[in-house]
Amino acid sequence: METQNPIPAHRSSAIHVRLYQPGDKAQVLRIFRRSFIDVINDAIGINLATPRIVAAVEVAAAAGTLLISRWRKGSSLVSNAVAGMAIAVTAVPAVVAIYYYALVAALIYLSEKSDMGDIETHYSPVGRDGTPRLNAFFVAIDKTSGAILGVVGVQPSTKPHCAELRRMCVSHESRRKGVGSALCQAVVEHVSRWNSRTEEESQRVHRIVLATTAYQAPAMGLYERQGWRRSGELVSFAFGFSGYYYSRDV
Ligand SMILES: CC(C)(COP(=O)(O)OP(=O)(O)OC[C@H]1O[C@@H](n2cnc3c(N)ncnc32)[C@H](O)[C@@H]1OP(=O)(O)O)[C@@H](O)C(=O)NCCC(=O)NCCS
């Protein structure tokens, strides 16, 4: 399938996409960690506006009022209710924020314990047995300064004939400048090149897949703009979030 909306020429001319080199590690990890935190900040904002949290604040306010009334015997109910509400509106968002920041710290830790901690090995184009493989990790570079603006990886998916786009992120300052689009295109072109030099049908990739959470509106906007389609719903009961799978044919 052709890319439906290629990167606008005036944007792509300032960006160069190349394969990861070991010297890129510090910049890549900085962008990766910061992007995770951005997504979590959005998640906290979205979650604080849900009926569940409003209900939690109400319950906490009632409980707080009750406790304060027992402790400050003889004081007016109104002043106890105001104090109870003040505690609730501070405590509930704090608990939500602590939960999400602990989650992001755990996810960053686990990512860096696996592929992001050893990009050379996990995304090497050659397997341990010396055979070529699909894996690749790309960085988008500012042609003028040489700074890394964004990153993306590609690996075989667990599904047959599928590749997975992973770890897409663009530095905070470089967003909405076509970097994410350039990285998406680099992955699609890489997979097409892989197919064209792979004779064995069982090794060919027919589809690229990826997963987003419902908190990643910019990512969903990017993939839809690039011609990807929603192919399923993702529900993580363990972490309490939902999201979508996207895919595109190659
Ligand atoms: C998602 C992300 C990679 C997009 O990168 P980017 O370089 O800003 O994307 P582009 O500039 O190429 O944007 C291309 C199109 O995507 C859509 N898009 C990008 N950001 C958007 C936003 N904040 N809101 C709505 N649409 C958005 C738009 O259609 C945009 O085209 P336009 O600017 O002409 O309107 C970036 O926001 C990011 O790193 N987010 C945090 C990490 C993340 O969620 N990664 C995805 C993992 S699945």
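Ground rules. I number residues from 1 along each chain as its sequence is written. In this predicted model, local features need pLDDT of at least 70 and side-chain atom pairs count only at pLDDT 80 or more, while totals for chains, interfaces and linings use all residues.

Overall build. I find seven helices and seven strands in the protein; helices (H or I, at least four residues) and strands (E, at least two) are DSSP runs, numbered from the N terminus. I looked up the radius of gyration, taken over C-alpha atoms. It is 23 Å, well over the 18 Å that the globule rule gives for 250 residues, so the protein is more spread out than a compact globule. The rule is 2.2 Å times the number of residues to the power 0.38. Along its principal axes the C-alpha trace spans about 85 × 40 × 35 Å.

Helix H4. I checked residues 77-113: the 37 residues should span 54 Å at 1.5 Å a residue, and the end C-alpha atoms are 53 Å apart, which agrees. The expected span is 1.5 Å times one less than the number of residues. Gly84, Ala88, Val92 and Tyr100 are the buried residues of H4 (20 or more other C-beta atoms within 10 Å of their own, C-beta atoms being placed from the backbone).

Ligand shell. I list 22 residues around the ligand, with Arg175, Gly180, Ser181, Pro218 and Gly221 the closest; a residue is near if its C-beta atom, placed from the backbone, lies within 6 Å. H7 gives the largest share, six residues.

Terms used. Buried ≥ 20, exposed ≤ 12 C-beta atoms within 10 Å, placed from the backbone.
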